Amino acid sequence: MFPRSPFLHLKVKSNAVLKIYREVDRDIANFKSKTSLRCLPGCGHCCESPKIETTVLEFLPLVSKLHKANRISDLKKRIDVSGNSNICPLYLPAGIVSVRAAQHKGMCSEYGLRPLLCRLYGFSVVRTKDSKACLVTCSLIKDFYKARYQKALRFISNNSVFPVMNNYALKLSVIDFSLGIKQYPIKEALARAVEYIESTAGFNSMAKAGV
Ligand code: SF4
Ligand code: SF4
């Protein structure tokens, strides 16, 4: 049962999400070491996709940390300046570094608290309806690391233990169904997480003031 104070409630949920992130990171590190699969050095190309979707729950650890550090207004500014773009406001592009236009350098400004998909993309599988395991990775890895990609496919077909996206998503949703099931474009999910934190903070101040 969750505690009654909204902020304690938030802390419990946020810690539960972080616990799953640690499990994901450990499983991905294991998968990488078994398959030698890697990202291209300095690459952040997948962060430039306007189609990334996450749940609000996945951003609770980040927005809680920023709220505690009085940095929510900075985050809101970053969301605002991104205008109509659906690219993640946390992405910091660093320019094109290769003749191949698709190869961009860039980085996540909040890498340690990035959402679930950002941890899993490239190095995990989805289970199809007929239980087939399909590796979810990018065309850059497929093109530049062909041998490693093939090794990863062989590993998946010869083993039963590897990171499965669906399983972690299910574990997350159990923490809070209202925040952890519906997927939004990443910028919207981040903005909704900010709203959630602010409404929780408002509720907390009213409770303290006895309103
Ligand atoms: S998953 Fe692919 S596109 Fe994304 S950072 Fe790694 S190499 Fe780049
Ligand atoms: S949260 Fe970070 S890793 Fe995920 S899309 Fe945004 S910049 Fe990329």
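Visitor: What kind of model is it, and how are things labelled?
Guide: It is a predicted model, in which local features need pLDDT of at least 70 and side-chain atom pairs count only at pLDDT 80 or more, while totals for chains, interfaces and linings use all residues. Residues are numbered from 1 along each chain as its sequence is written, and chains are lettered from A and ligands numbered from 1 in the order in which they are written.

Visitor: What is the mean pLDDT of the chain?
Guide: The mean is 89, and 86% of the residues reach 70 or more. pLDDT is the predictor's confidence in each residue, from 0 to 100.

Visitor: Which elements have the lowest and the highest mean pLDDT?
Guide: Strand E2 (residues 91–96) has the lowest, 72, and strand E1 (residues 53–54) the highest, 98.

Visitor: Where does pLDDT stay under 50?
Guide: Over residues 96–102, for which the model has 8 contacts beyond four places in sequence. Two residues are in contact if their C-beta atoms, placed from the backbone, lie within 7 Å. Where pLDDT is low, the predicted coordinates should not be read in detail.

Visitor: How many helices and strands are there in the chain?
Guide: The chain has 9 helices and 6 strands. Helices (H or I, at least four residues) and strands (E, at least two) are DSSP runs, numbered from the N terminus.

Visitor: What share of the chain is buried?
Guide: Buried residues make up 28% of the 211 residues. Buried means that 20 or more other C-beta atoms lie within 10 Å of the residue's own; exposed means 12 or fewer, and partly exposed is in between, with C-beta atoms placed from the backbone.

Visitor: Which residues have the most contacts inside the largest nonpolar core?
Guide: Phe59, Leu60, Val63, Leu190, Ala193 and Val194, in a core of 39 residues. Helices H1 (6–35), H2 (60–68), H4 (116–120), H7 (165–175) and H9 (186–209) each supply at least two of the core's residues. The largest share, 7 residues, comes from H9. A nonpolar core here is a set of buried Ala, Val, Leu, Ile, Met, Phe, Trp, Tyr and Cys residues joined through C-beta atoms within 7 Å.

Visitor: What is alanine 193 in contact with?
Guide: Leaving aside neighbours within four places in sequence, alanine 193 is in contact with Val56, Phe59, Leu60 and Val63.

Visitor: Is helix H3 buried or in the open?
Guide: Of the 10 residues of H3 (residues 72–81), the number buried is 1, so H3 lies largely in the open. Just after H3, glycine 83 takes a positive phi of about 55 degrees.

Visitor: On to the ligands. Which residues surround ligand 1?
Guide: Cys39, Leu40, Cys43, Gly44, His45, Cys46, Tyr121, Gly122, Cys138, Leu140 and Ile141. A residue is near a molecule if its C-beta atom, placed from the backbone, lies within 6 Å of it. This shell divides into 8 nonpolar, 3 polar and no charged residues. Ala, Val, Leu, Ile, Met, Phe, Trp, Tyr, Cys and Pro count as nonpolar, Asp, Glu, Lys and Arg as charged, and the others, Gly among them, as polar.

Visitor: And which residues are around ligand 2?
Guide: Cys47, Ile52, Cys88, Leu90, Tyr91, Cys108, Arg114, Pro115, Cys118 and Ile186. That shell has 9 nonpolar residues, no polar and 1 charged.

Visitor: How do E4 and E5 run?
Guide: They run antiparallel, joined by 4 bridges. Valine 126 has cysteine 134 in E5 as its bridge partner, and serine 124 stands opposite valine 136 in E5. Two strands pair if DSSP finds at least two bridges between them.

Visitor: What is in the turn?
Guide: E4 and E5 form a hairpin with 5 residues between them, and serine 131 in the turn has a positive phi of about 70 degrees. Most residues other than glycine have a negative phi, and most peptide bonds are trans. Serine 131 counts as exposed, with 6 C-beta neighbours inside 10 Å. Threonine 128, in the loop between E4 (124–127) and E5 (133–136), is exposed with 10 other C-beta atoms within 10 Å.

Visitor: What about serine 36, where is that?
Guide: Serine 36 is in the loop between H1 and E1. Its phi is near 65 degrees, a positive value in a residue other than glycine. With 13 C-beta neighbours inside 10 Å, serine 36 counts as partly exposed.
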